[in-house]
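Hello,

Here is the structure for your files. My notes on it follow below the display.

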Amino acid sequence: VQLQASGGGLVQAGGSLRLSCAASGIRLSIGTMGWYRQAPGNQRELVATITSGGSTDYADSVKGRFTISRDSGARTGYLEMNSLKPEDTGVYYCNIRWAGVGVWGKGTLVTVSS
């Protein structure tokens, strides 16, 4: 089972990015998929989750700006990020959890300039 995040980059404040999380060896609908981020000097924090049933939840700091989803085949997950702020800067990781097991993907760097 492997996850690979991509889509990060440098964007100006107010801009948008779409992150992808490609899964191999697993379907993302098997459990809860999450996006996390880690800013320099900070702990990794939860950004958004989507359950196997499709229910979503967001950190207060991103509600109304970010949208988590996955494709119909549950092979790829997404994080649509709009109205980006400098404080959204960090390395973004995707994660899948099911039956007490968790798998992390390598992160993708998002840098938001002011």
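In these notes, two strands pair if DSSP finds at least two bridges between them. Strands are DSSP runs of E with at least two residues, helices are runs of H or I with at least four residues, and both are numbered from the N terminus. The model is predicted, so local features need pLDDT of at least 70 and side-chain atom pairs count only at pLDDT 80 or more, while totals for chains, interfaces and linings use all residues. Residues are numbered from 1 along each chain as its sequence is written, and side-chain values use heavy atoms, with hydrogens and water left out.

Overall fold

The protein chain has 0 helices and 11 strands. Along the sequence its pattern reads β-β-β-β-β-β-β-β-β-β-β. Its radius of gyration is 13 Å, close to the 13 Å that the globule rule gives for 114 residues, so the protein chain is as compact as a globular protein of that length. That radius is taken over C-alpha atoms, and the rule is 2.2 Å times the number of residues to the power 0.38. The C-alpha trace spans about 40 × 25 × 20 Å along its principal axes.

Of the 114 residues in the protein chain, 40% are buried. Buried means under 20% relative accessible area, exposed means over 50%, and partly exposed is in between, with a 1.4 Å probe and protein chains only. The accessible surface comes to about 5700 Å², and carbon and sulfur atoms account for 46% of that. These areas come from the Shrake-Rupley method with a 1.4 Å probe; for residues, only the protein chains shown count as cover.

For contacts (heavy atoms within 4.5 Å) between residues at least 6 apart in sequence, 53% join residues at least 24 apart. The protein chain carries 11 positive and 7 negative side chains, and the centres of the two sets are 8 Å apart. Lys and Arg count as positive, Asp and Glu as negative, and His and the chain ends are not counted. The place of each charge is NZ of Lys, CZ of Arg, CG of Asp or CD of Glu.

Strand β4 (residues 32-38) pairs with β5 (residues 45-50) in the antiparallel sense over 5 bridges. Within this pairing, W35 has A48 in β5 as its bridge partner. The two strands form a hairpin with 6 residues between them, and G41 in the turn has a positive phi of about 80°.

Strand β5 also runs antiparallel to β6 (residues 56-58), to which 3 bridges join it. Here the bridge partner of I50 is T56 in β6. This second hairpin has 5 residues between the strands, with G54 at a positive phi near 95°. G53 sits in the loop between β5 and β6 and counts as exposed at 71% relative accessibility. Its C-alpha atom is 8.8 Å from that of T32, which is 21 residues away along the chain.

Two alanines with positive phi

Most residues other than glycine have a negative phi. A74, in the loop between β7 (66-70) and β8 (76-81), has a positive phi of about 60°. A74 is buried, with a relative accessible area of 5%.

A99 has a positive phi near 50° and lies in the loop between β9 and β10. The flanking strands β9 (residues 90-98) and β10 (residues 101-104) pair in the antiparallel sense over 4 bridges, and N95 stands opposite W104 in β10. Their hairpin has 2 residues between the strands.

Regards
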